[in-house]
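Let's take a walk through this assembly, going from whole chains to the places where they meet and then to a few individual residues. Please keep the structure open beside the text as you read.

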Amino acid sequence: MDLPRRYMRGSWQNWLGRALLFGVVGLFMFRAVSEWSRSGLGLLTDALIIAIAVTGLNLITGYTGQLSLGHAGFFAIGAYVSAMLVTGKVWTPFIDGNIWTPGWTLPAAAVVCFLIGMVVGVPALRLKGIYLALVTLVFTEAVRAFFKYDKFEGVTGGATGIKGFNYLPPAWTGLDGRADLVTWFFWLSLAILILVSILAAGLIRSRVGRAMVAVRDNETAAAVMGVNLFTIKTVVFGLSGAIAGVAGSLYGLKLTLVEADVPIFGLFGSVTLLVAMVVGGAAQNWGPFVGAMFYVFVNDFARSVGEDPSGSLLLGWLVDDGTTLNGLGGVVFGVLLILFARFVPFGAVGTMRKWRAKVVQVVPRVPLAAMAGAAEIPADSASMAKNTDGDAIPGNNDSGPSELPRASVEGADPSVVRDDESAP
Amino acid sequence: MSLFLERMVNGLADGSIYALLALALVVVFRSTGQLNFAQGEIGTMGAFFVSTLTLSGLPVWLSIVLAMVLGFMVAAGVERVVVRPIEHRNPSAVIVALIGVFLAVNQLNAMIWGVDARRLPSVFPTGADDFVTVLDTPLRISRLGVIGVLIVLLVLLWLLFTKTKIGLAMRAVANNQESSNLVGIRVGTVLLLGWGLAGSIGVLAAAMLAPSAGLSGTLMLSPFLLASVAAVLGGLDSPIGAVVGGLVIGVTEAVIVGYVDFLGADMLMPVMLVILLVVLLFRPSGLFGSERVERV
Amino acid sequence: MMVKTKKLMALAAVGALTLAACGSDDDTADTGDNTPVETDAPDATDAPDTTDAPDGTDATEPTDTSDSTAPETTEGGATGAEFVIDTEVCDDPDAATAPIEGPLKIGTSIPLSGGPAVLFAPFGAGQQTYVDWYNETNGGLNGEPVELVIKDDQYTADLTKANVDELVFDDEVTLLSGIIGSPNNLTVQPDLNAQCIPQLWGATGASDWGNIEEYPWTSGLLVPYAIESRVWAEFIAAEGGTTAALFYVNNEFGQAYAENFDELAAENGLEIVAEEVIDPADSGAPSGQMTNLVQANPDAILAVPLGAQCSAFMTELGNAKAANPDFNPKVYVTATCANPLFFGALVDNGGSDGVYTSSNAKFVTSDEYADDEDVQLFLEAMATYAPDTNAGDQSALAGWLSMELAIHAAEQAIEAGDYSRAGIMNAVRNIEYVPGLLIEGLSGQMNAGDAFYPEGTQLVLWDDAAEVFSPAGDVVDFNGSLGVYTP
């Protein structure tokens, strides 16, 4: 048998592969709900919420190549929008007493973040790489400062933030109020993750998606070929921000309080999302999910090593019983990140794809040769050509050191064809 | 007037710290095109080392020099061990690795030096009476000293980059790695030196800041954020831009605290966002950064 | 004796105050239909001479000005109805009242790693040391060693939530004690109260911990910020000050002080002439803010810095005083800075000399307590069980207290024959116990009408030459004055 084996997209083997993948993940989720303790489920829910935000970030940074450290800002805005609406801090028409039901604040957060995201997308027209990253980072910190600003205290709660709200499961779920809160948030987060992943995957496959990838791979070329940079950048920034905002909204409702000093609303949050995205694999459908799981569970592991080094496999032989080492958890996590970047440089999903491609490949129904000659869809040809590397990484080969994310140097095996499995 | 002068000098002194750290970021950016997330933490590590050395009886200035050597080695080590092998494979993974270095160094500091805040002696006199009166304004010697250190460092860097072979090689590599390689410059060594130099400058920045702020593991977290803003404002590949950017932030902070009543020190970031957007609107590569030509 | 008279006056005033407090909280005091339990008069009556004001400092009665709030009832000083916890509203009422089998298992979630968090790590060492010491000395509780599970939350609230779930559902702890941070405690408060798991001695001083109507299973460890602000405001007023300025860190912690102080300043006839803020993450010297304070030149300053900012603020203060001879305000920095390290070693220009702070705990490294049994015991235990930790750091002591008070409550519950979560919580809510590490003269009580445990403290000032804090006023105890918090 020749390796790799090639299968046509849409063939029964391709569908079987997908079914297997979804089956395994689905089984894992159901097992988690039934078998895991509440704490494990809570942690898993955190991972799902981060995965939602990373899905948003992946759209603008992974697929469109615009490095953003502003997503913690959207995350914070989403959380605050929910908190302000459910506690009736802002006047809203048609709403009795201005008190919203928590569920409806999620789309509200999305709308607000979409609009703000469009505005944040405007500087992206002129700024590249680290310049854009830093401007968006300052945006995050500015958002945080605004929420703390004492002149707006009546609306945002100032430095004290907003507390005293909750999102109990609605009656139709059959869940038992407070006691099933964790289960409720788990299912809610999972449902939203599935929803935004399908939306994201649909977007990527659409004309817009191909234009996004074209912008990432060579902005000037994309513009020359008719991609409207202004529309693409602002709309995708808006969508990306909206998704991160919904994640933030869930986060705030789960936490039952918002406060501007919560680390994930600032630099730390933006860095977290970026790390999760790259670790999972930039511009990969499954990347956000895998990256978020990695981030949350490996960090949990690292902390548990720090809490009790003598009880851990890693250091148990080294330290005495009962020792606690200040900061050890952080060192372990830092080192794990370095090792991961060193040995899994294209992220977990990217690397798994590469391994799998040595065994099984999925090829598009249209032969590659015909595709390359298809001159009638100019905006797409650049992206398709680039798409063949299977490790799509944001960035631009030609822009030199002013751009942080650059296209992959290695692994551009033209025979490896990216398959766009729909996301979880 | 005298009040204004006092505020400006304080602002410039704060700004000098950001400028120093921004210089370090620029030196790294010029050599490998990375934003070194761990720059501040390496500086903090150096400051803790200064503290250990001074406690063992060494004079402060000598301790700082030795700590700068340590900073050089740590930063160069990061370049060689962490950045270079990953850079070859996938540059965007370097961000993750550098965030990893940031975390690891930050927490390593706590493991080595504990969690209590420390006092770091200054090279300048820091007694309550150590100020000079200029135009009726009491100006602290230690603050003027920090500004002086920045000027001296700038002169030294200028000499390094224009008068020495190694400095010229660093500029060549910053400009074009491949061509530099072709003319026989050992690019690897030069990159190593660039990172090391940045590490030393970072330690210097931390050693200048710690005496007035108290030395703790969180020393460089917020200066790092402001320094990276400064570097972007001035242009990521421009040392002079880094200095201007740093000083602008320091003075802005002083003006907000001093003269803008409805904003406080905590509203610096929104103000910086506005300044940054206005500057970058006209100069997308920062005030002094070099524009790059886009090719299809 | 001058001092004696003053002390008596202070006592009388404190008594009046507590009356006022009980009175004003009458509506909340009679939760349940319990008969009031007679309690002893406040311990302050037996206060030893250590609380005397030193010569030179004009000891004042911070309660003078409170006379305006006339007591409404005439019941005895610190009495209040016994609190009985309602387990019917629990998710699982039976679990709350079931006798505790096996060892007492305590959980806590504190920062052990992650940036700024690491500053609090000695707290955990203090907790562990108390438990180790207790087990070795007493052979455990109920014959079984007390277990302590410490989780690292990196000071982030979502991790606290994950940790607490883990502690409750996986480790199956009996109770939680000494979680650090306001948001961290707030985020787990609704869950723990619904599950009826005691959330004891949270290391924060926000008023939320007194909300026993909604959250009876939560109690706070630190002196409420409102008490501290009050002590200082009344002190300034008594000293004849008319203007005051605020310098505070712009977060929930600083905000709580600022709001309380604004209110109390008005009550005490103080005009606030400047308010300066600093970002919690700011590690620079607050020189611009200090320039503004010099311009405003108030009679007194309340400073609320965080961690190393305490020292940076006082260093700037020293500089400003030297350069501006007219600038000589009385300065108070909050009790969270009351650490010899922040005042002594970290301030090298004499800026901390004469700066006030307060503490309700003994300064363990102070010569004053060189012969104090409890302090020596603490230091020895720390040297034995946590030799790497700086025991002089008052945060190790706070950790120790969070465990001592929790285990004390469990002991009380056993004595009362109700060794269950509900029993422990009843013991906590009706506590009457002052650990040896707290200064003498505190009442240390809670009951149905008094939801705050530490409501007393002592103003101290730093003597830079001797490198010690010396008392700057009597021990003031506002026991019961905060009553019950209703948001």
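In chain C, buried residues make up 65% of the 487 residues. The model is a predicted one, so to speak a computed picture throughout. Chain C is built with 14 helices and 14 strands. Chain A, for its part, has 16 helices and four strands, and 58% of its 424 residues count as buried. The two chains can be set side by side:

**Where chain A meets its partners**

Let's begin with chain C. Here 32 residues of chain A are in contact with 30 residues of chain C. On the chain C side, two or more residues come from each of α4 (121-138), β4 (147-152), α5 (157-170), α6 (182-195) and α8 (252-267). Of these elements, α5(C) gives the most, with eight residues. By class, the side of chain C that touches chain A holds 12 nonpolar, nine polar and nine charged residues.

Now turn to chain B. Its contact with chain A takes 48 residues from chain B and 57 residues from chain A. At least two residues of the chain B side are supplied by each of α3 (60-89), α4 (91-113), α9 (221-234) and α11 (268-282) of chain B. The element that gives the most is α4(B), with 17 residues. The side of chain B that touches chain A divides into 34 nonpolar, nine polar and five charged residues.

**A pair of helices in chain B**

How do α5(B) and α6(B) lie relative to each other? The axes of helix α5 (residues 141-163) and helix α6 (residues 165-175) of chain B come within 5 Å and cross at roughly 80°. An angle of 65 to 115 degrees counts as roughly perpendicular, and α5(B) and α6(B) therefore are roughly perpendicular to each other. Where they meet, α5(B) brings Leu160(B), Phe161(B), Thr162(B) and Lys163(B), while α6(B) brings Gly167(B), Met170(B) and Arg171(B). This contact has three nonpolar, two polar and two charged residues.

**Residues in the interior**

The largest nonpolar core has 385 residues, and Leu20(B) and Ala97(B) touch the most other members. Leaving out residues up to four places away in sequence, Leu20(B) touches Leu150(B), Leu153(B), Ile201(B), Leu204(B), Ala205(B) and Met208(B). In soluble globular proteins, nonpolar side chains tend to be buried together.

Ala72(A) lies in helix α3 (residues 71-86) of chain A. Is Ala72(A) buried or exposed? A residue is buried if 20 or more other C-beta atoms lie within 10 Å of its own; Ala72(A) has 33 of them within 10 Å, so Ala72(A) is buried. Beyond its neighbours within four places in sequence, Ala72(A) is in contact with Thr140(A), Ile264(A), Phe265(A), Gly266(A), Gly269(A), Ser270(A) and Leu273(A). Ala72(A) and Gly241(A) are 169 residues apart in sequence, yet their C-alpha atoms are 9.4 Å apart in space.

Note on methods
Residues are numbered from 1 along each chain as its sequence is written. Chains are lettered from A and ligands numbered from 1 in the order in which they are written. This is a predicted model: local features need pLDDT of at least 70, side-chain atom pairs count only at pLDDT 80 or more; totals for chains, interfaces and linings use all residues. Two residues are in contact if their C-beta atoms, placed from the backbone, lie within 7 Å. Ala, Val, Leu, Ile, Met, Phe, Trp, Tyr, Cys and Pro count as nonpolar, Asp, Glu, Lys and Arg as charged, and the others, Gly among them, as polar. Axes are lines fitted to C-alpha atoms, for helices over the stretch in contact, and angles run from 0 to 180 degrees between N-to-C directions. Angles under 35 degrees count as roughly parallel, over 145 as roughly antiparallel, 65 to 115 as roughly perpendicular and the rest as oblique. A residue is buried if 20 or more other C-beta atoms lie within 10 Å of its own, exposed if 12 or fewer, and partly exposed in between; C-beta atoms are placed from the backbone. A nonpolar core is a set of buried Ala, Val, Leu, Ile, Met, Phe, Trp, Tyr and Cys residues joined through C-beta atoms within 7 Å.
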